[in-house]
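Trainee: I have a structure to read and some questions. Can we go through it step by step?

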Amino acid sequence: MAAVFAYVLLIQPFVSSMGAKPFAVKLGVIPRAEAIKIGAADHKQSVAAYLVFKVMVYFGTLVEKAENKVEIPPDYPAMSRILHSSVKLDPYNMDAYYFAQAILVWDVKQIKLANDLLEYGMKYRTWDFYLPFFAGFNNAYFLKDYERAAQYYKRAGELTGDELHVNLAGRYMYEAGRTDLAIAYLSAMVKSAKNDAIRKSFNKRLEALKEVRRIQQAKQEYFNKTGKLPASVEELVEKAFISPLPRDPYGGTFYFDDKGEVRSTSNFASKSAAN
Amino acid sequence: MRQIMVATIKGILRDRIFWGILVAGLIILSIPSISTLSMRQVPELAITLSLSCSSFMLLLLTTFLGGTVLWKDIERRYTYSTLTLPISRSSYLLGKFSGVIVFMLLSALFLSIVTVVVIKLVTITVHPDRPVLWGNILVAVAFDALKYMLLTSFAFLFSTFSTSFFLPIFGTIAVFLVGSASQDVFEFVTAPTTQSVSPFVKAIASALYYILPNFSAFDLKVYAIYSLDLPSQAVILTAGYWIVYLTINLSIATIIFGKREIK
């Protein structure tokens, strides 16, 4: 009886002290994929799902902290390693490819690594159009390898019967088409994203690119009206070719580079992401 | 032999530990909520977790039932008294084995029903990308059951010459781990890309691979989870492998048991 009373007295301070412990957000080290395979017996798919879940929770925690202005740089190499291990255990696991595409491409700019992973997945998930769709996008938008992009989009089109995929193969031959392509891609991703952290990450980029397109359209209008190119983004604002004021959700300022392309001082990346 | 089988089943049902394991199997009912954690493959995750859970429950039954049924009887001298009746030792052994097998099949049936209910629930709320192949799911559970029956024969084999339950239980767990890993180890060791393995180790690993049971052949989960076509030739060969290996194990067990001194 006395012991129960002591427990009741002790429990609140105990819980508070546990909550006040410094919170280290870490992924930790996992064994090599071959070793996990051997230890996982007949539960390989469950272990693969668990590894992806581990990475998701880690990333979600960091995104949440970033919103509360606590910027902790994510350990992208570790996340990549764990996702690669996950697909070695279960090469059909879509969550792994999906997440890898999300972080490897946008945050770490490891396009070739992402494409290699997607190619590996395509050998197994032969029915899935998302993998060639992602690969097509990566080749078009980042690597500017339009021929390979066309091949992947064609494959996606064959799987879905969707003309859009095939049309996309042609569209990005044009300069302006790149921004439109990215906007179309990201809009689809935002719609289908079920994970809050990822959806917010995509949305931010989508907003930035929509602003870029607005500026591009205003620049084209300026050129059509005056026959000259605007000297700066501010000139477009002053002369009322663009309204409201373009806003970069990453906190930077828009400007025209020496080729006349729309850029931002933020480079469309959060401060903690590696360039 | 049939009376021994029925008596064994009754004995198992009376022993509440095994009810406990089956009730623990009801944890499968928590899977619908857990599977929503997946980003892109909620139904697949539900199938993955249900099949893993069923498999693990059957493993527990195999290890603790298969490893202790014979030992307990010998300990409590039931065997000694039963064998004074006009019953051959092989009938006795096979009767006990059949009792365990029937109980495991009933458990597998129970677990498949819970699995099917859970997957159906999940697929109603979240539409799967590919249609769920119920046949594949049932075949996956069935082959898991076959695998664990083969593992049970190992447990019985260890029980025939062991005097405590340690060897049957830990030996069974060891055989399970080794049998599940043998295919992966064999592929790793014989892969042309693996350089750091000596030819001696390669030879030993290959020899062991051919002798030890290959449990990964019975793992058909991936076909159930991702709605892939079952490789019918491989499945039939695995069934054949099962029959032959089981017969060998039970024959050896019968021979050893026949020669055992039972006081």
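This is a predicted model: local features need pLDDT of at least 70, side-chain atom pairs count only at pLDDT 80 or more; totals for chains, interfaces and linings use all residues.

Trainee: At what angle do helix H7 and helix H8 of chain B pack, and how far apart are their axes?
Mentor: The two helices pack against each other. H7(B) passes H8(B) in a right-handed crossing. The angle is about 145 degrees, and the axes are 9 Å apart.

Trainee: How many nonpolar, polar and charged residues does the contact of H7(B) with H8(B) have?
Mentor: Look at who takes part. H7(B) brings Leu151(B), Phe154(B), Ala155(B), Phe158(B) and Ser159(B). H8(B) brings residues including Leu167(B), Gly171(B), Thr172(B) and Phe176(B). By class, the contact has eight nonpolar, three polar and no charged residues.

Trainee: What percentage of residues 45–71 of chain B is helix?
Mentor: An unreviewed UniProt entry lists transmembrane regions in chain B, among them residues 21–39 and 45–71. Residues 21–39 of chain B are 47% helix, with end C-alpha atoms 31 Å apart. For residues 45–71 of chain B, the end C-alpha atoms lie 39 Å apart. That span has 0% strand and is 100% helix.

Trainee: Which element of chain A has the lowest mean pLDDT?
Mentor: Chain A has a mean pLDDT of 82, and 89% of its residues reach 70 or more. Among its elements, helix H6(A), residues 111–124, has the highest mean, 93. Over residues 169–177 of chain A, pLDDT stays under 50. The element with the lowest mean, 54, is helix H9(A), residues 163–171.

Definitions and conventions
Residues are numbered from 1 along each chain as its sequence is written. Chains are lettered from A and ligands numbered from 1 in the order in which they are written. Axes are lines fitted to C-alpha atoms, for helices over the stretch in contact, and angles run from 0 to 180 degrees between N-to-C directions. Helices (H or I, at least four residues) and strands (E, at least two) are DSSP runs, numbered from the N terminus. A crossing is left-handed if the near helix is turned anticlockwise from the far one by less than a right angle, and right-handed if clockwise. Two residues are in contact if their C-beta atoms, placed from the backbone, lie within 7 Å. Ala, Val, Leu, Ile, Met, Phe, Trp, Tyr, Cys and Pro count as nonpolar, Asp, Glu, Lys and Arg as charged, and the others, Gly among them, as polar. UniProt positions are given in the numbering used here, feature names are shortened, and annotations may be inferred rather than shown by experiment. pLDDT is the predictor's confidence in each residue, from 0 to 100.
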